[in-house]
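I set out to record what I looked up in this structure, entry by entry.

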Amino acid sequence: DGTYLCANCRTPLFSSTGKYDSGSGWPSFWKTIESNRVALEREWDGRMECKCATCGGHLGHVFPDGPTRGSLEQPELATVPESDPQIGYKVQGKEGENSKYSRRPRYCVNGAALRFEEEQ
């Protein structure tokens, strides 16, 4: 358990509670640690770049194929910062609370862009 910090400025960006094995070989997270810690920018080729909002350091990219909402603990879902992107696949034929996106984003991060600080 611990926190993943920007390797450049040491701003806390992700918690180990939001980390998961995406099978991509890259460190992957389905949520940030707090609102507005990670900045997003659409690149020329359509990909969504994620950067440290404090220093602008490149972290990686965000994709719409993160874990399904149903595979995550409800208390953890309640802690998703409002600034995290609402991307993924919408649940078809549902209304209200049930029409939320079925998947969380996948923050695919370059491991060299992070430092891990173990929880004491």
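Entry on strand pairing. In this predicted model, I looked up strand β4, residues 28-29, and found that it pairs with strand β8, residues 106-109. The sense is antiparallel, and the pairing runs over two bridges. I noted that serine 28 stands opposite cysteine 108 of β8.

Entry on the sheet. I then placed this pair in its sheet, an open one of six strands with antiparallel pairing. I read the order as β3-β4-β8-β7-β6-β5. At the edges I found β3 (19-20) and β5 (38-42), each of which pairs on one side only.

Entry on cysteines. How many disulfides does a search of the whole structure find? I record zero. Cysteine 55 is in no disulfide, and its nearest cysteine sulfur, that of cysteine 6, is 3.7 Å away. I found cysteine 55 partly exposed, at a relative accessible area of 32%.

I returned to cysteine 108, which is buried, with a relative accessible area of 11%. Its sulfur lies 8.3 Å from the closest cysteine sulfur, in cysteine 50, and this is too far for a bond.

My search of the whole structure for cavities of 30 Å³ or more gave one. I noted a volume of about 50 Å³ for the largest cavity. Among the residues that line it are Thr32, Arg37, Val38, Leu40, Asp84 and Tyr107. By class, I recorded four nonpolar, four polar and three charged residues in this lining.

How values were computed:
Residues numbered from 1 in each chain as written. Predicted model: local features only at pLDDT ≥ 70, side-chain atom pairs only at ≥ 80, totals over all residues. Heavy atoms only, no water. Pairing = 2+ DSSP bridges. Helix = DSSP H or I, 4+ residues; strand = E, 2+ residues; numbered from the N terminus. Disulfide = S-S within 2.5 Å. Buried < 20%, exposed > 50% of the residue type's maximum accessible area, 1.4 Å probe, protein only. 1 Å grid on protein atoms, 1.4 Å probe; cavity = no way out; pocket = protein on both sides within 12 Å on 5 of 7 lines; lining within 4 Å. Points joined across faces, edges and corners; volume = space filled by probe spheres on them. Nonpolar A, V, L, I, M, F, W, Y, C, P; charged D, E, K, R; others polar.
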